[in-house]
Amino acid sequence: MVLGWRRRRSTTSHRATAAKKQPSPGNLDMDQLVIPKHFLCPISLDLMKDPVTLSSGITYDRQSIDTWLEAGNFKCPVTNQVLRNFDMIPNHTLRTMIQEWSSQNQRFGIHRVPTPRVPIMAVEVSEILYSITASARRVDQNGCLESVQRIKKWAGEGDRNKRCIVENGAASVLASAFDAFASDGIKKNGRLCEEILSALSWMLFQSLDEETQKYLGSHASLDCLVWFLKGDKDPLVKQNSILVLKELLSSCNDQNKRAVEALAEIEGVSKILFDFIKGKVSMTITKASLTVVFYLVSFSEKFRSAFLEMGVVSLLLETILDSENGITERALYILDCLCDCKEGREQAYANALTIPVLVKKILRVSEMATEHSISAVWKLCKNATRQEERVLVEALQVGAFQKLLLVLQIRCAGEYGTKDKATELLKLLNPYRAGLECIESVDFKSIRRSF
């Protein structure tokens with residue numbers, strides 16, 4: 001009986017050990033998996049998702065060879081032969097083999113390779129752009145809408161399509177169509193203009209030539225952009241409009257000045273932008289609105305006066321207090337710009353937050369924020385009258401002297417003569433130091449050494 005029991009026990013133990021040795025699907029070792037060499041891209045050595053064959057006869061993954069060719073290489077990476085052309089022929093047979101292999105090895109964590117979309121060719125983009133031009137000339141709303149939606153569909157299929165669309169001059173063609181349909185009637189063609197604007201919003205980050213600026217800077221186009229910003233429009237439409245305005249005004253040429261002059265003739269622009277900053281609809285809209293306001297107050301006295309009448313200095317100080325770094329930087333740019341004029345300084349003197357907020361942001365946000373904070377304080381202290389000399393005392397009380405000394409000690413040259421302004425500020429503050437103690441000492445731990 002004892003021997004029989006031991007035999008059964010030994011048999012059960014052996015079976016349990018054998019069961020433990022059998023790998024479960026979840027515990028399979030990836031080292032057991034061998035990927036066929038011809039499935040790997042010769043450049044990235046990764047499993048190919050979209051294999052294409054060059055004129056040299058070698059197959060690569062499309063993304064890898066695209067990167068290789070865009071870097072200015074004209075030879076096949078494997079054979080080192082000069083390529084006769086840059087045509088990429090999809091290797092459907094190899095892709096099917098890779099898909100079958102990945103499906104059979106899903107238990108190893110291999111995902112099935114999806115069938116890639118065929119990238120568009122330059123000739124296809126040229127044809128659709130010709131169609132848009134012809135539709136705009138005939139003021140054919142339906143034909144143009146269909147073509148624009150096709151471009152948006154292509155763009156949504158990958159970055160390679162986006163590059164192809166931009167490189168073939170789509171931005172200027174769409175801007176021309178936008179101007180044509182806006183001139184024909186904003187309300188009548190509003191839906192089409194929204195679609196064109198949606199396609200343009202991402203293109204302008206990559207391509208904004210003078211021809212595109214000319215069409216978007218026309219009175220009809222600007223009227224349409226401002227019209228989209230008003231009322232209860234879709235937030236995405238407002239975002240696209242303000243982004244296009246921002247890119248248009250950010251161009252470093254005479255076109256942005258002409259656009260500012262044209263915007264000055266459109267009623268309600270200042271109020272719309274003021275409400276966007278105050279309402280904080282979205283971070284993207286707020287940042288773009290602050291950038292647009294900066295260019296408007298920089299190039300137009302009319303806009304500067306309009307924003308000051310609405311109390312923009314107080315709004316900017318409130319924005320600087322509780323916003324993230326990108327918004328804070330832009331608000332400081334505008335505040336520094338407004339301190340160039342007497343009316344702007346008067347509003348800054350009248351607000352009790354001005355000096356404490358500006359001094360607090362020195363060495364706290366970024367190098368650019370520090371430069372504009374010091375510049376604004378320098379303008380306020382330098383131009384202070386006898387009645388306004390309290391700002392010098394206030395700056396000392398909130399720790400400006402120590403921070404300025406620190407600015408001189410670290411590498412913070414800046415493009416705006418920050419060290420020169422800091423030195424002059426120290427000279428202006430020094431006579432008032434006797435008998436004054438700083439309310440807020442410098443917190444060295446919170447200083448961000450980004451420069």
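Modeller: Let's start with contact: it means heavy atoms within 4.5 Å. This is a predicted model, so local features need pLDDT of at least 70, side-chain atom pairs count only at pLDDT 80 or more, and totals for chains, interfaces and linings use all residues. Residues are numbered from 1 along each chain as its sequence is written, and side-chain values use heavy atoms, with hydrogens and water left out.

Biologist: Okay, which residues does S172 touch?

Modeller: Leaving aside residues up to four places away in sequence, S172 touches D209, E211, T212 and Y215. S172 sits in helix 7, residues 170–184. Helices (H or I, at least four residues) and strands (E, at least two) are DSSP runs, numbered from the N terminus.

Biologist: Is S172 buried or exposed?

Modeller: Buried means under 20% relative accessible area, exposed over 50%, and partly exposed in between (1.4 Å probe, protein chains only). S172 has 11% relative accessibility, so S172 counts as buried.

Biologist: Now the sheet: in what order do the strands come?

Modeller: Strands of a sheet pair through backbone hydrogen bonds, either parallel or antiparallel. Two strands count as paired if DSSP finds at least two bridges between them. Here three strands make an open sheet, ordered 2-1-3, with antiparallel pairing. Strand 2 (59–61) and strand 3 (89–90) are at the edges with a single partner strand each, so one side of each has no neighbour in the sheet.

Biologist: Which strands does helix 2 touch?

Modeller: Helix 2 (residues 62–70) packs on the sheet and touches strand 1, strand 2 and strand 3. Its buried residues are R62, S64, I65, D66 and L69. Their cover includes those strands and helix 6 (159–167).

Methods
Axes are lines fitted to C-alpha atoms, for helices over the stretch in contact, and angles run from 0 to 180 degrees between N-to-C directions.
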